[in-house]
Amino acid sequence: MARNIFEKSRTILQKASQLIENTMIRPLNRKVSTQIDSQQASSVGIHPAAFELASWQKSVLSPREAWIESLKAENSEEKRIQLLNPTVFAHYPRIDLLFKNVRWQKLYKHVSYANAPVRHEISRSLKKPWPQKGMGKARHGDRRSPIWIGGAKAHGPRGPKTYYHELSFMVRLKGLSTALSMKLAQDDLHIVENLDIDVDDPKAFEEVLDSRLWGPSVLFVDDTDFMPERISLVTDKIPHYNLMPVYGLNVYSMLKHTTLVLTVDAVKRIEERMLYHLNRTNMPNV
C-alpha cells in the first residue's frame, strides 16, 4: 500500500513539473502567476499544493549561471555563460558549518607550550619547615607544596599540548559548498577562462581589478599548481592577491579573501570531486 501511495505521489509531481515546463503564462505579478498556475493545475486534476511543491523543486534544482570573463585589461572578448551545479553552488547558507570549518583550520596547527612545574621540578629543600608538633602551627612536609609561595602548581598546564581535532568529512564537504554558494550569492565569485594577463606592472593589474570592483583581496584558483608566469610575478608583489591550486581550496581562505576568482577548469574539477563525494556509497567508512 505504501508503494502505491509513493507511485501515485511521484506521478502527480511529474504531471506538475510537465505543466510548469509547458505553460506559457508567466506574468510579472507573483500573486497573479500563482493564481493562474493553480487554476491550470486544477483543470488537469493536479492538487495546487503538489503544483507549488513541484515549482519550488524546479526553482531550487535549476542550475546557477555566471559570466565567463577575462583578466586582460582590454576585455573585448565575447562573454559566455557558465552553468553551475546547484548542489555545489546553491547550498543552503549554513553559518554553523562555516564556523566549524574555520575553527578547525585555525586550531589545526595550534600548540600550547604553557608548562607549570610540579613538586619534583621545584628546586627547594626537602626538609620540614618546622616540627610536626609543639609549635602551634599547621603541619607541612616541605616548601615545594602548592600552598606555598614559589611552590609547585596543582593541576597546572603541562605543555606542549596540541588542539588538533578531527572534523567530520561531511562537515568539511558541506562547508566548502556553503562558502562557494555564499560567494556566488554575494556576487563575489567570478569565473575566468584562464589566468593569462596582458600587464606586467602590479599597480596596473590592481587598477584593472579595481575597475571591476574586485577586491581588495582576491584569491585566484586554477586546476593546476603550475600557474602562468606573468600572473605569478605580478601577484608575488601584491600581498593581498594570492594564487592557489584547486586541491588546496578551503573555507578559511575563501572567507579571508573578498573576491574568489575561479577558472573554467577549476569549476569543472570542483564540481566533479564534490559531486562524487556527495553521492558516494561508502561515506560511513571515510
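Are F205 and F220 buried or exposed? In this predicted model, F205 is buried, and F220 is buried as well.

The protein chain contains 10 helices and 8 strands. Of its 286 residues, 35% are buried. The accessible surface amounts to about 18,800 Å², and carbon and sulfur atoms contribute 54% of that area. Among contacts with a sequence separation of 6 or more, 72% are between residues 24 or more positions apart.

Strand 1 (residues 64–69) takes part in two strand pairings. With strand 2 (residues 80–84), strand 1 runs antiparallel, and 5 bridges join the two. One of the residues involved is R64, whose bridge partner in strand 2 is L84. With strand 5, strand 1 runs parallel, and the two are joined by 2 bridges. On this side, I68 has I191 of strand 5 as its bridge partner.

Strand 5 (residues 189–192) also holds H190. The relative accessible area of H190 is 10%, so the residue counts as buried. The side chain of H190 makes a polar contact of 3.4 Å with the side chain of E69. With residues up to four places away in sequence left out, H190 touches E69, W214, T259, L260, V261 and L262. One of these residues, W214, has R212 over the face of its ring, at 5.3 Å from the ring centre.

Aromatic pairs number 6 in the structure. In one of them, formed by W130 and W148, the ring centres are 6.0 Å apart and the planes meet at 45°; the pair is therefore tilted. Both W130 and W148 lie in the loop between strand 3 (111–112) and strand 4 (161–162), so their pairing ties together parts that are 18 residues apart in sequence. W130 has a relative accessibility of 19% and therefore counts as buried. W148, at 19% relative accessibility, counts as buried because the limit is under 20%. The ring of W130 has a further neighbour: K137 lies over its face, at 4.5 Å from the ring centre.

With a relative accessible area of 1%, L195 is buried. The C-alpha atoms of L195 and E229 are separated by 9.7 Å, while the two residues are 34 residues apart along the chain.

L97, in helix 5 (residues 95–106), is likewise buried, with a relative accessible area of 4%. Its contacts, neighbours within four places in sequence aside, are V171, K174, G175 and T178. L97 and L173 are 76 residues apart in sequence, and their C-alpha atoms are 9.5 Å apart in space.

Backbone features were also examined. The peptide bond from G159 to P160 is cis, with omega near 0°, and P160 is located in the loop between strand 3 and strand 4. A cis peptide bond also joins G215 and P216, where omega is about 15°; P216 is located in the loop between helix 7 and strand 6.

Positive phi values in residues other than glycine include those of H155, near 55°, and D187, near 60°. H155 is in the loop between strand 3 and strand 4, and its relative accessibility of 85% makes it exposed. D187 is in the loop between helix 6 (169–185) and strand 5. At 52% relative accessibility, D187 counts as exposed because the limit is over 50%.

Technical notes
Residues numbered from 1 in each chain as written. Predicted model: local features only at pLDDT ≥ 70, side-chain atom pairs only at ≥ 80, totals over all residues. Heavy atoms only, no water. Phe/Tyr/Trp six-rings, centres within 6.5 Å; stacked < 30°, edge-to-face > 60°. Helix = DSSP H or I, 4+ residues; strand = E, 2+ residues; numbered from the N terminus. Buried < 20%, exposed > 50% of the residue type's maximum accessible area, 1.4 Å probe, protein only. Lys NZ or Arg CZ within 6 Å of the ring centre and 35° of its normal. Polar contact = N/O pair within 3.5 Å; in protein donor to acceptor, adjacent residues only side chain to side chain. Contact = heavy atoms within 4.5 Å. Areas by Shrake-Rupley, 256 points an atom, 1.4 Å probe, with all protein chains shown as cover. Pairing = 2+ DSSP bridges.
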